[in-house]
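Thanks for coming. Please have the sequence and the structure open while I talk.

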Amino acid sequence: MEKRVTFSSTITGLLFVVPMLLLIFVFFYWPSAQALYWAFTLEQPWGGGNRWVGFDNFSQLLSDPVYWGAIGRSMMFGLSSTAIAMGLALILALLTDRELRGHKIYRSVFIWPYAIAAPALGLAFRFILAPEAGLLSIINQVWPGLWNPALDGKDAMIAVIVAFSWKYIGYNFIFFLSALQGIPRSLTEAAAMDGSGPMRRILDIQLPLVTPTLFFLLVINITESFQDSFGIVDIMTQGGPARATELMVYKIYFDGFKGLDYSGAAAQSIILMLLVIILTIFQFRFIERRVHYK
Amino acid sequence: MAPISIRDVKKSYGKTPVVHGVDLEIESGEFIVILGPSGCGKSTLLRMVAGLEEISGGEIAIDGRVVNQMEPRQRGCAMVFQNYALYPHMTVADNIGYALKVAGVSKAERSRRIGEVAKALSLEPFLARRPMALSGGQRQRVAMGRAMIREPKVFLFDEPLSNLDAKLRIAMRAEIRRLHRRLGATSIFVTHDQNEAMTLADRIIVMNAGKVEQVGTPEDVYNFPRTRFVAGFVGTPAMNLLEGRVNEDGAFVYDQGRIVDLPQDAGQAFAGQRVVLGVRAEAARLVSPEAQGALVATADFIEELGASRVVHADFDGLPFAVALTDSVRLKPGDRVGIVIDPHRMHLYSAETGAAILTPALAGTNLAHA
Amino acid sequence: MIERTPIFNLICYTILALGLVIALLPFGIVIIAATLDLKAVNTVPMPLVPSSHFWANVQEAWTRADLGNKLVHSMIFAVAVAFGKVLLSSMAAFTIVYFRFPGRYLIFWLIFITLMLPLEVRIVPTYSIAANALQPFQAILDVTGLTSLFAWLFGIKIKLEWGLLNSYPGLVLPLVATATGTFLYRQFYLTVPDELAEAAKIDGSGPVRFFVDVLLPLSRANMIALFTIMFVWAWNQYLWPLLITTDPKFGIAVTELKTLIPSEFGLPDWNVAMAGTLIIMSPPLILVILMQRWFVRGLISTDK
């Protein structure tokens, strides 16, 4: 879309955009370029600058089972939390959209989880899911030792997935509900006149019409699961036990800032950035084109 | 093919009433047009018949069965929506056939009937397309097809032509009329366009502010408007309405003190009352300003309607339209004389707006009848 | 619409009620736990009736996490990010939409590519700039030989330095440096009728006047929406503040959550931890409850 009426004074125009350009140059492009540089070099142990090592950092990473473990866990974490958060949000949005009694309450409350900082809900869930106190401790009273996220990697993974999904139910709910409310009322009415009941309308009319939102959220959720998970993991498990919840961003943080392996962390960053870019392009190129009706 | 009875039907949203007690008997196979300005409650009334709105009071019966508590799908009505409400993710064929699919009609039977409907509406070349790839007129026909395929007892139309351009609207009007003749289903058609109402309706219902103003054939509604509102709403140009009072001599005096003679006995009957004098443009004619008994006005502008011409005159600050039959040469600013045919005058009570004298019944005093 | 579906409605109500429980349960547990004493909070199962130790727990959490200072820091930080976003993105979008000059498309893409990569993903490189934000310019001067030229001419060695560690600019600026708000503003400007700009031109007002007198007042709703969403987003930031605030005296509320985790061998005083969590998570939650309409609107239009 283009404006018919425009201003031609180049200098004024540039002045308006320069602050933004400066910021993204300093905090986005320069660091990204530097990461690229680091990813292909190795810092010398006794100073003396960086040495060009080509793809060494990458091949070292990609041959490291620990790194593959982090990728696998990130995928596992991303896909399952996305499935839970989107599935529940979609159901709740569909039902809220029916405008049954009290729908204003649902519409408000289901959004709240998204307002909570990831680390704050991490701490809350750490307590709720703690093996010796909180809510789930009851399980251990009945079956001692069944649930212990502090020791059992599987339990820890379940705990972070639950916490993350809980927050993103709120986020997905907002988008699903707004998409559903964007469906013209007359379509629902026409379908009702055509003889279909509420359930049938959900399947035949509403679900097909929110597929664009569905795919959009799919990509956003997976990307967010890479980044927003950090606070939850750091507060709940710190990647443990025994790396069971060490996700990609957490590993970057750990290697780069605790282990001070900048080159390795930079190479991991590059891989993660590529992954996110591919997902985004996938969304723009493929999905946006396939499922738009308007 | 079902009669519809609407008995004292009311609708209110919370405390705001929008339809105040409508009574209407619609015969089987009749084509009814509900005409009125926007916000008069005409769409709400239609939607209550369809089952899309709860009925706040009164009763609607279709084919003898009270349907107040029935869901839309149980009522046997089909509806064409203003914005067509086509399912954007389905092809034309799927759109038309959706009702049958829901009803569990077999695939073969479905495609046979879709084919029939598509043929009747010349939609065959577009069956595989999505609605967004269609023109406005084609979408409109798909919406018609979707309603037709169910062979409903009742057809409901909610301003279905208002999104089309003028030419297409006229063509679709003819098409709807033709379909109605062929299918014979009882139809209710809501519009704010009086031309649509005039050309389509067996009977017109004129609504205003949630009330029915008049029910009648198009001729009735045009020639004998029963209320001041109908007089002012129906007809192009609208009826000239002058508010004034009837003096002791039985002549109409409007506010500037000018006098129009009324038919003898009518004038006497209403002496002393405040009334509104209604005159259709064609019930007045232009004469020389000097002619005896002529009302003098100034020509304001001349509206060329193709087949006819209308002079809009300035009548002491009030607009007054006069139809021109012959090729009188006039230019804006000319002084003209206007003579009103006393047998074609309408009188409305200034207080209630109800007709107290109509031309066909000239001399009959409705108020006393 | 008239619809008699009692069974389906009952199922709906049940599921919605379950949803409410899922959504509210964590809040409930946090609030109740924050009112218990050490013994009660460690009872299994946890008592579900609030007790009377709320103020004691809040006071303990308040001092332990230094919340008096940290909440102020968080507030300044979140307001600054939200304000910076609104200001910079309204300006940048103005250029992108309303000006035509060579290189415009380049600028457009330079800004929009930043949408793809959130800060967490490029945390390592961004952190490297924190020691000296002017490092890129120093490097440019060095590489182009301007530094040596200058030293040779005036005998002074240029040394640009601006450390960002433990400073508000360091907290705020990197978070402002993305295109989120710019996109929202671009979408909005595109819906502003052309006639307004034409009228402004005929009246003889230049672009700056048009921006200040017409666009800014028109975009009030956008401003509120963007501000709300950005405040919440900034308040909830964790990784970046964790890295940039190395001085325990600086630092923001959310990163203080770490100090509230009961240590493995210390007292399991979850009651204090939950009281602190409650305080720290409240400001954005209250904002979202009060500004729900704007929050939803901001969220949906910034991400699409």
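I start with one pair: K11(B) has V19(B) as its bridge partner in β2(B). This is a predicted model, where local features need pLDDT of at least 70, side-chain atom pairs count only at pLDDT 80 or more, and totals for chains, interfaces and linings use all residues. Residues are numbered from 1 along each chain as its sequence is written, and chains are lettered from A and ligands numbered from 1 in the order in which they are written.

Back to the strands. β1 of chain B, residues 4–13, pairs with β2(B) in the antiparallel sense over seven bridges. Pairing here requires at least two bridges found by DSSP between the two strands. Helices (H or I, at least four residues) and strands (E, at least two) are DSSP runs, numbered from the N terminus. In chain B, an open sheet of four strands runs in the order β2-β1-β4-β5, with antiparallel pairing. Its edge strands, β2 (16–26) and β5 (65–66) of chain B, each pair on one side only.

Next, the domains. Chain B is divided into domain 1 (4–227) and domain 2 (229–357); the bounds come from an automatic or database domain assignment. Their C-alpha centres lie 38 Å apart. Ten residues of domain 1 of chain B are in contact with eleven of domain 2, contact meaning C-beta atoms, placed from the backbone, within 7 Å. On the domain 1 side, β9 (203–208), β10 (211–216) and α7 (218–223) of chain B give two or more residues each.

Last, the two chains: 16 residues of chain A and 18 of chain B make up the contact. On the chain A side, α9(A) gives the most, with six residues.
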